[in-house]
Amino acid sequence: MTGLFFQAQPQLKNPFLEDPLLGRYLRRHLPHQQAVFSDLQAFGERISDEVDAWGRECEVNPPRLVPFDPWGRRVDHIVTSPAWQRMKELSASEGLVAIGYERSCGEWSRVHQMSKLFLYSPSSGLFTCPLAMTDGAAKVIQSLGVPPAVDSAYRRLTSRDPERFWTSGQWMTERRGGSDVAAGTETLAEPQPDGSYRLHGFKWFTSATDADMTLTLGRVVGRDGSIPPGSRGLSLFYAEVRRDPQGRLEGIEVQRLKDKLGTRQMPTAELLLDGLPAHRVSEGRGVASIANMLTVTRIHNSVAAAAAMRRVVQLARDYATRRSAFGRRLQDHPLHLQTLARMEVEARAAFLLVMEVSRLLGREETGVASPLDRHLLRLLTPVLKLYSAKQAVAVVSEGLESFGGQGYMEDTGLPGLLRDAQVLSIWEGTTNVLSLDVLRCVARSSGLVLQAYFTQTQALLGHASRLPPLAPAVGALEGALSALGVFVEEAAARPPSYLELAARDLAYSLARIYMGQPPHVV
């Protein structure tokens with residue numbers, strides 16, 4: 001006899017209607033509210049009714065590589081699930097990239113876009129990753145003035161037509177390594193008589209390998225065979241992923257798919273570029289050319305982090321109304337409620353900082369950003385990305401624990417939330433790399449980004465101090481901000497190695513104070 005009791009599982013309801021903070025934030029700030037609310041409410045219903053099941057299908061039917069056809073011919077087909085294809089069609093029709101470029105909400109268009117991705121991300125089967133790279137590629141092309149060679153690609157990347165919509169890859173990482181692309185890029189670009197190039201090299205880590213196009217870095221071989229070194233020798237190239245009449249990839253061999261801890265839904269591969277046709281979109285300064293891409297993709301990364309936290313909190317709260325232990329529902333145990341409340345605080349803090357940085361990006365893109373806005377965007381983007389990624393791992397792990405043993409069972413779909421969250425602190429710069437990026441932007445701005453940070457934070461605290469119930473929190477944050485200012489002044493008089501050693505703690509303090517959480521200041 002197996003027993004008569006079966007535990008009711010947590011239910012995913014409309015994630016927009018279940019998130020009062022998102023609704024309140026949009027009501028407070030967004031113009032054209034009715035159109036945006038209708039869009040998000042309808043999309044939230046679609047997520048709970050059908051899209052979440054597609055995401056699960058992407059997880060249980062991961063991509064696989066078919067290197068040869070039955071007769072031994074090389075084809076390098078990456079086979080993905082039908083749900084993965086539906087995600088691409090959905091992304092186009094719902095405007096998940098297009099919203100950011102149509103700008104129907106003016107300076108708030110990025111907030112609209114990121115709010116929609118916030119709802120979609122935990123149910124997307126990781127399709128938000130190719131969307132991040134697609135958005136980043138569109139941003140780079142736009143910032144370069146949409147060169148003629150890539151005009152058609154730009155229109156496809158930002159299209160709402162599923163038949164025309166393209167996704168982009170981001171093929172930067174080589175064997176020598178990750179974030180240090182200047183020293184690690186060995187790909188060579190051979191000039192062709194028609195002005196195009198052929199790329200030769202090995203890409204060690206290519207996300208969304210089934211994309212329609214990619215941006216990648218390479219070094220142009222001179223007429224005398226010389227190869228320019230360093231970051232100034234890197235150029236940015238655009239390449240389409242095409243097949244010849246026999247079905248073979250042109251200039252690409254897929255060596256293998258990566259076997260990853262998480263993000264298994266998305267094909268990630270090692271690629272040999274063997275004469276890949278390409279167009280140069282920036283001459284030299286390839287690393288500088290992708291700066292806009294990094295801003296966009298890091299914000300997408302942070303949206304995924306905040307969304308993972310929100311989703312696990314929503315499910316844990318629902319489960320607390322269904323699960324009984326020791327004679328009471330979990331929601332009636334004070335300690336359990338305290339745990340959920342602490343998770344909620346972290347989720348809210350991350351969401352609000354994501355929206356703040358999205359707001360700043362929208363202001364910059366529409367030409368209304370003040371110098372203070374621009375400095376804040378430069379500083380807060382790496383701060384947001386590095387801290388929200390760490391928050392996500394901690395909160396999702398705590399969330400899984402709230403389901404007891406079921407949180408550890410793969411067939412519930414819950415462990416995938418944690419496995420996928422782990423990539424967030426690695427992709428687009430590890431915590432230490434981004435902490436050092438914070439120091440670089442402080443140095444390159446001659447301290448203006450920190451001045452903007454202190455000015456804006458003090459202004460926010462001034463507004464909050466008008467509400468008496470917030471007095472204890474305001475006092476704690478003012479003390480933390482003051483201590484941070486003292487530390488910055490003292491560090492300026494020390495050798496550079498002192499601040500480098502404290503870079504991670506400094507970045508954490510910047511994040512937690514701006515989020516409204518008193519930190520342990522460095």
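How many disulfides does a search of the whole structure find? The search finds zero disulfides, a disulfide being a pair of cysteine sulfur atoms within 2.5 Å. Cysteine 58 is in no disulfide, and the nearest cysteine sulfur, which belongs to cysteine 129, is 13 Å away. Cysteine 58 is buried, with a relative accessible area of 1%, and cysteine 441 is buried at 3%; buried means under 20% relative accessible area, exposed over 50% and partly exposed in between (1.4 Å probe, protein chains only).

The model is predicted, with local features requiring pLDDT of at least 70 and side-chain atom pairs counting only at pLDDT 80 or more, while totals for chains, interfaces and linings use all residues. Residues are numbered from 1 along each chain as its sequence is written, and side-chain values use heavy atoms, with hydrogens and water left out.

Rings of Phe, Tyr and Trp (its six-membered ring) were paired if their centres lie within 6.5 Å, with planes under 30 degrees apart counted as stacked, over 60 as edge-to-face and the rest as tilted. This rule gives twelve aromatic pairs. In one of them, tyrosine 319 and phenylalanine 403, the ring centres are 5.0 Å apart and the planes stand at 45°, so the pair is tilted. Tyrosine 319 belongs to helix α10 (residues 291–320) and phenylalanine 403 to the loop between α12 (371–401) and α13 (414–421), so the pair ties together parts 84 residues apart in sequence. Helices (H or I, at least four residues) are DSSP runs, numbered from the N terminus. Tyrosine 319 and phenylalanine 403 are both buried.

The pair of tyrosine 453 and tyrosine 514 is also tilted, because the centres are 5.7 Å apart and the planes are at 40°. Tyrosine 453 lies in helix α15 (residues 448–464) and tyrosine 514 in helix α18 (residues 503–515), 61 residues apart. Both of these tyrosines are buried.

Helix α18 has 13 residues and reaches 18 Å from its first C-alpha to its last, close to the 18 Å expected (1.5 Å times one less than the number of residues). Its buried residues include Leu506, Leu510, Ile513 and Tyr514. The buried residues of α18 pack against α11 (334–365), α12, α14 (431–444), α15, α16 (471–492) and α17 (496–501), contact meaning heavy atoms within 4.5 Å. Glycine 516, with a positive phi near 95°, follows α18.

Elsewhere, Tyr25, Phe118 and Phe351 form one aromatic cluster. The charged end of arginine 175 sits over the ring of phenylalanine 202, 3.9 Å from its centre; the criterion is NZ of Lys or CZ of Arg within 6 Å of the ring centre and within 35 degrees of the ring normal. Lysine 116 lies over the face of phenylalanine 43, at 5.1 Å from the ring centre.

Terms used: Helix = DSSP H or I, 4+ residues; strand = E, 2+ residues; numbered from the N terminus.
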